[in-house]
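Here are my notes on this one, point by point. Have the model open while you read.

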Amino acid sequence: MRNHSLSEAREAALQARQLYRDLLDRDQEVLALLQASQCSALSGDTDLAMQTASEAKELAKRAARRCAEGICWHTLASLHLDWGRLADASKMAKKALTCAKRCHEHKEQARSLLLFIVINLMISKEYEADADAEAEATSEAGEHFRRVEEKMEELRLLAQRASEPFCTACSSHAVAAVQLHRGSYDEALRTAQTAMTAYEESADLIGVLHMYLLMGKAHLTRRSFREARDATEAACWFGEQLGFRSIEENARTILQEIQAREAELPEPQLRRARVPEMPNVPKLDVQALDVEVLRDVVQLFVKVLIGSDDPIDPERPLMEMGLTSHLAVVLRDHLAKVLPGLSPPLPVTLIYDYPSITSITQLVTTSAEVFMQV
């Protein structure tokens, strides 16, 4: 069903491409091709995704659309990264950065710098793994890491000049990745939280998902298994719901490692790592919804999840009170169980779009009213 929908989306993008071609709108024609490429990538057809992105890049180049060409190079770099072709991915990220600089596009520069940093960190890590076998590998690892440090400083300065949340997020993301690479796990977690806040401010959900993965890896290395599972399950669930296959697969790999590590824990420690047992609440009638009862249910679930018996300010953001990303998913799922038939269903990004008890209650009330009118 999912691949069928993606196939339909690809066909729609290609039809849009033809319309833009007839209108001689080369920028939109390129973007339509890139949308078709993304659909192919999400459906698992990497060859077709690369072929379509390459076609978009050639079109942008012929039409002298430098900014669009840079976006194409970035897409191709990301595809090669997902496929494990790190050397090619690094070259393409560099070309994307060159295009973005010529266009003076701060956001595209930040995206390309971050991608280049991530790719070269991965290359450096691969060489480090071979360092015991070859002295040359040690030299290569050091060279790639120097490139990382150079581009990280460039990204920091760009973020300062641009004063845009997205550029700040990319800069913090790069720093957190380097800190994780160096084994500074506590620092990486603090910096990743800063990056996540900036990504949320710029409404970049993919960035948020990458921070969940990074935090999951850091917590795992620190043997903080509950926190690792919280972050990684959130990334996995959101990735699955939103169709980000590579993020979902990466998260599942980390979850398997967490499960293996948890199997080594003594039973008392394992019990502490589990999600709190949720109360059994009767289902609510969506057609005759009592707002006060609904608010009490939301508050009850939140208090159990954060482990608090104190009164909760219904206006305060829940994540400020200790509701982690994974527990936010648990909250959404349990609310869905007690609100059968609610349409539209509670959104995947519930805790980000409706961060407090009051806003969640208002959302459900509004949805119930719409449901009654249908």
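1. A term before we start: by nonpolar core I mean a set of buried Ala, Val, Leu, Ile, Met, Phe, Trp, Tyr and Cys residues joined through side-chain atoms within 4.5 Å. Please also keep in mind that this is a predicted model.

2. With that in hand, the largest nonpolar core has 53 residues. L155, Y199, Y212 and L214 are the ones with the most contacts inside this core. Which elements give two or more residues to the core? They run from α6 (106-129) and α7 (135-162) through α8 (165-182), α9 (185-201) and α10 (205-221) to α11 (225-242) and α12 (245-262).

3. Have a look around Y199, one of the residues with the most contacts inside that core. Setting aside residues up to four places away in sequence, Y199 touches L114, F166, A169, C170 and H173, and also D204, G207, V208 and M211.

4. There is a second, separate core too, with 30 residues. Among its members are L294, L305, L331 and L346.

5. Now the overall picture. The chain comes to 17 helices and zero strands. Its C-alpha atoms fill a box of roughly 60 × 60 × 40 Å along the principal axes. Does the radius of gyration agree or disagree with a compact globule? It agrees, because a compact globule with 374 residues would have a value near 21 Å and the chain has 23 Å.

6. Some totals to go with that. Buried residues make up 46% of the 374 residues. Of the contacts with a separation of 6 or more, 63% are between residues 24 or more positions apart. The accessible surface of the chain is about 19,100 Å², and carbon and sulfur atoms account for 49% of that.

7. On to the cysteines. How many disulfides does the model have? The count comes to one, and the pair is C67 with C103, at an S to S distance of 2.5 Å. I'd flag that value for a second look, since the cut-off for calling a disulfide is within 2.5 Å. The bond links distant parts of the chain: C67 sits in helix α4 (residues 66-83) and C103 in helix α5 (residues 86-103), 36 residues apart. C67 is partly exposed, at 33% relative accessible area.

8. C99 is in no disulfide; its nearest cysteine sulfur belongs to C103 and is 6.8 Å away. Is C99 buried or exposed? C99 counts as buried, because its relative accessibility is 3%. C236 is also buried, with a relative accessible area of 6%.

9. E154 is worth a click. This residue is found in helix α7 and is partly exposed, with 22% relative accessible area, while the cut-off for buried is under 20%. Beyond residues up to four places away in sequence, E154 touches L97, K101 and L113.

10. I306 lies in helix α14 (residues 291-306) and is partly exposed, with a relative accessible area of 21%. L327 is 21 residues from I306 in sequence, and their C-alpha atoms are 8.3 Å apart.

11. Where does S356 sit? Its place is in the loop between α16 (350-353) and α17 (357-373). Even so, S356 counts as buried, at 6% relative accessibility. A polar atom of the S356 side chain lies 3.5 Å from the backbone oxygen of P314. Apart from neighbours within four places in sequence, the contacts of S356 are P314, E315, R316 and L318.

12. Last one: S367, which lies in helix α17. S367 is buried, with a relative accessible area of 7%. Leaving aside neighbours within four places in sequence, S367 is in contact with L342, S343 and P344.

Notes. Residues numbered from 1 in each chain as written. Predicted model: local features only at pLDDT ≥ 70, side-chain atom pairs only at ≥ 80, totals over all residues. Heavy atoms only, no water. Helix = DSSP H or I, 4+ residues; strand = E, 2+ residues; numbered from the N terminus. Buried < 20%, exposed > 50% of the residue type's maximum accessible area, 1.4 Å probe, protein only. Contact = heavy atoms within 4.5 Å. Polar contact = N/O pair within 3.5 Å; in protein donor to acceptor, adjacent residues only side chain to side chain. Rg over C-alpha atoms; globule rule 2.2 N^0.38 Å. Areas by Shrake-Rupley, 256 points an atom, 1.4 Å probe, with all protein chains shown as cover.
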